[in-house]
Amino acid sequence: MHKAVLFTVMAVALSACAGGDRGLRDLRSNGGGPDEFQVNPVNPLVLPTDLSALPAPTPGGANRVDPNPNGDAVAVLGGNPNALVPNGIPASDSAIVAAARRNGVDPAIRQTLAAEDAAFRNRASRFGFFRGRDRYFGAYSRQALDAYAELQRFRNAGVATPTAPPE
């Protein structure tokens, strides 16, 4: 009888130690290893016969050995893969691009936003260690959008919502 009680207590104690998998909601990096989703195979290096035909390097431009699955699929199907590369800004998008660039373009916007986001999460969860490791939803709970309230607001304003569930 004592062995059965001891075994039950041990099983309960061990199951209480098991933590849930936070998955993508854990904002902190747990390891220093490479990200397996960032590793892409590249095409083999090819030396052209005429080196003067090489394009001039451009910041942010495409590399000749970078994989291009969409272009490869178009080429296999007999199309022109260069048609996928836009030649400038289409006329239909020029107004929105001009509006986006009216105050200038910050080349370090990603680093700025990452620093601001980290500062915001630190301020929003000063005592986050009491609530556990998952601080994402707690930090951004005041900015969450209530989809049903927005849907009702749009319906009250007379906006057609054809893909929304019926009332």
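Here is a quick look at the fold, the surface and a few side-chain contacts of this chain.

This is a predicted model, where local features need pLDDT of at least 70, side-chain atom pairs count only at pLDDT 80 or more, and totals for chains, interfaces and linings use all residues. Residues are numbered from 1 along each chain as its sequence is written, and side-chain values use heavy atoms, with hydrogens and water left out.

The chain has six helices and zero strands; helices (H or I, at least four residues) and strands (E, at least two) are DSSP runs, numbered from the N terminus. The chain exposes about 15100 Å², and carbon and sulfur atoms supply 60% of that; areas come from the Shrake-Rupley method with a 1.4 Å probe, and for residues only the protein chains shown count as cover.

Now for helix α6. There is one salt bridge, that is, a side-chain nitrogen of Lys or Arg within 4 Å of a carboxyl oxygen of Asp or Glu. Arg-153 and Glu-150 sit three residues apart in helix α6 (residues 147–156), so about one helical turn separates them. Arg-153 also has its charged end over the ring of Phe-154 (NZ of Lys or CZ of Arg within 6 Å of the ring centre and within 35 degrees of the ring normal).

| Contact | Distance |
|---|---|
| Arg-153 and Glu-150, salt bridge | 2.8 Å, N to O |
| Arg-153 over the ring of Phe-154 | 5.1 Å from its centre |
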